[in-house]
Amino acid sequence: MRHVDFSRNETLVALVILAFCAAATLADPAFLSMPTLTDLLRGGIVLGIFAVAALLVLISGGIDVSFTAIAAVSMYSTAMALNTFAPGVPWGVAFALGMTIGAGLGCINAVFIAGFGLPTLIVTLGTLSMFRGFMLAFIGQKQITTLPSGMREFGRMMMIRGTNPDGSFYSLPLAFAFLVGAVVLTWVILHRTMLGRQVFAMGGSLESARRVGVNVKGAQFFVYIYVGALAGLAGVIHASMTRVANPFDLVGLELSVIAAVVLGGARLAGGYGTLTGTLLGVALIVLVRNSLIVFGIPSTWQSVAVGVLILIGTGLPAWQAKRAAARAA
Amino acid sequence: MRNLNLAALVASPEARLAVIAVVVFAVMSALSPDRFLSVQNLTSMAFQFPEFAILSLAMLLTMLTGGIDLSVVGIANLSAIVAALLLTAFAGPEATGGAAVLWLAVALLAALAVGAVAGLFNGVAIAVFGLPPILATLGSGLIFTGIAVALTGGSALMGFPGVVAFLGNGTVLGVPAPLILFALLAAGMAWLLGRTAFGLRVQMYGANPLAARFAAMDVTGLLIRVYLLSGMLGALAGMVVMSRANSAKADYGSSYLLLAVLIAVLGGVNPYGGYGRVIGVVLAVLTMQFLSSGLNMLGVSNFARELIWGGLLIFVMIVNTRLVYRPRAAAKPGPSA
């Protein structure tokens, strides 16, 4: 049996999740049930895909705040385009279109970051406002309530469906499979390909990576295009699940997503991060958002709780690292 | 000789920005001369920009140390709400004369105190506990906003004495009061950064934190003071917003955060620390305001403005990176940011 390492973020977050669930079950025995679990998983789909994308960027040594805008633009233009030109196509086409638009927008990020060598935070701050501004000014501002039939159909597809003894329903949408797919694909890329090693190397030290022969520009192009495609996917899934394409949705989530990823142990400085930690971070944030009410804490205090969580979750390891550095010096 | 002057002119980001500001002003004046150049428009611009300009000064200060303060808008709203709670509780809309002025002063001090405590909180999290500034202020910003929502239940607070409006809407000898406040703060910041030991330390720390530590600088105290000041600037911005809107609400000015970061970077502040000047920020603020008002008059939607802001930010960064950061990075080899 492996030794449990308490200095790792993953362990800490997992323990906090367990403690939260235990306390919630004591407060309300109905907490421990299928509906809670499926609600948690459903709430984590879009956030989870975003988080996987954000993790990849953080590992590569960058930071991307534009992915929510990419998702919103992909979602909205896909729904708009299909409604206008091909309302009857199957959902696969909508997904492909959304991911293509996302990848295209990610490519714009990559041109500025890899091509012009600009700082990633500044570029993505700029493109966040450009993409969103372009959509709202030139594509549209009204929410689309009648989605193309393919997306509507996808929104109704479930992996698991069931009824509790007390008569309440629970279900897990098929969209969850896409989160699993994104996690598996990203894991394979990060840990089983040369490209993944290069992404880690870049995040560790860009200059060293360049000197050992990593094609830094190529790898950066891959990262931002891949992240754009994932964001496009998340956008289309979001619209399918909520049954509406609202151009004002999603943007504003970016910092919470990055916080979830860092909570899970990824370093803002780059070069380190795990998918397990990322998913645990997302789970904790969704859990707090969904279930704070169990403890009788009104929902107005929700953002305070998430803020405290971010400060403690990132503060403990930061403090430990600081003390370790002080001891070493 | 002439070439040399020209080279010197484009060598500093502030000079380039001054050129951009003048060009934007000229283009807007040319496109709608009778409206853009009207006294009415010029004064309305002078009333509009101080609130986010004050936030940009806070951004300048924290970015100089290589940090960032994402909680300024949260601090602004929380301070304004505390001030508004005091004003509505002790001096209703009927209050006039000395009593009203007294309560306004109390409310202002309370807001500044809230800003200082919030800033202190950020400073301790960053300097003592070693949190990355982005995450520390992101988390604390959520907390401040959350407390503001909890205090008000999410609705707007209204019903202040008439004098409150002076801070945001009044004039002194024809000059808008918020503009005077901003000018004083900008001058104060320029003095602080350029003429005091504190300012020098801030820039040295931002240029090379490790060297600053080895030079026996009190880094912890320095960072705490930086974020404390940033919080107090946030509180002042919050008071101006409250006075202009004649109300206080937990989600006012949420778009100002991006705008403040954008203005600081546009003003030539290096987001990795060590370089940034007040004059650059002032020029960037003016450029943004000219663009905003001008485009507004041309009937361009708010959202297209967002598109143009983002484009401008990236354009200026490309120019700055090509001309400024690169030669400097080549001059001193070291860990690239």
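Where is Gly268(B) found in chain B? The legends below take up this residue and others, then the chains.

The model is predicted: local features need pLDDT of at least 70, side-chain atom pairs count only at pLDDT 80 or more, and totals for chains, interfaces and linings use all residues. Residues are numbered from 1 along each chain as its sequence is written, chains are lettered from A and ligands numbered from 1 in the order in which they are written, and side-chain values use heavy atoms, with hydrogens and water left out.

**View 1. Gly268(B) lies in the loop between helix H14 (256-266) and H15 of chain B.** Helices (H or I, at least four residues) and strands (E, at least two) are DSSP runs, numbered from the N terminus. Gly268(B) counts as buried because its relative accessibility is 1%. Buried means under 20% relative accessible area, exposed over 50%, and partly exposed in between (1.4 Å probe, protein chains only). Gly92(B) is 176 residues away along the chain. The C-alpha atoms of Gly268(B) and Gly92(B) are separated by 44 Å.

**View 2. Ser293(B) sits in helix H15 (residues 278-297) of chain B.** At 7% relative accessibility, Ser293(B) counts as buried. What does Ser293(B) touch, not counting residues up to four places away in sequence? The partners are Phe36(B), Asn41(B), Met45(B) and Gln48(B). Contact here means heavy atoms within 4.5 Å.

**View 3. Gly168(B) belongs to helix H9 (residues 164-169) of chain B.** Why does Gly168(B) count as buried? Its relative accessibility is 0%. Leaving out residues up to four places away in sequence, Gly168(B) touches Phe47(B), Pro178(B), Val240(B), Ser243(B) and Arg244(B). Ala237(B) is 69 residues from Gly168(B) along the chain, and their C-alpha atoms are separated by 10.0 Å.

**View 4. Chain A and chain B meet, with 40 residues of chain A in contact with 40 residues of chain B.** Which residues of chain A lose the most area to chain B? They are Ile122(A), Ser129(A) and Leu311(A), together 16% of what that side buries. Between them, the two chains bury about 3500 Å², 80% of it on carbon and sulfur atoms. Buried area is the accessible area (1.4 Å probe) that two parts lose on being put together, summed over both.

**View 5. Chain B has 16 helices and two strands.** Its 337 residues would give a compact globule a radius of gyration near 20 Å, and the 21 Å of chain B agrees. That radius is taken over C-alpha atoms, and the globule rule is 2.2 Å times the number of residues to the power 0.38. Of the 337 residues, 53% count as buried. The C-alpha atoms of chain B fill a box of roughly 65 × 55 × 35 Å along the principal axes. Among contacts in chain B with a separation of 6 or more, 80% come from residues 24 or more positions apart.

**View 6. Chain A has 13 helices and two strands.** Its radius of gyration is 20 Å, close to the 20 Å that the globule rule gives for 329 residues, so chain A is as compact as a globular protein of that length. Buried residues make up 51% of the 329. The C-alpha trace of chain A spans about 65 × 55 × 35 Å along its principal axes. Of the contacts in chain A between residues at least 6 apart in sequence, 78% join residues at least 24 apart.
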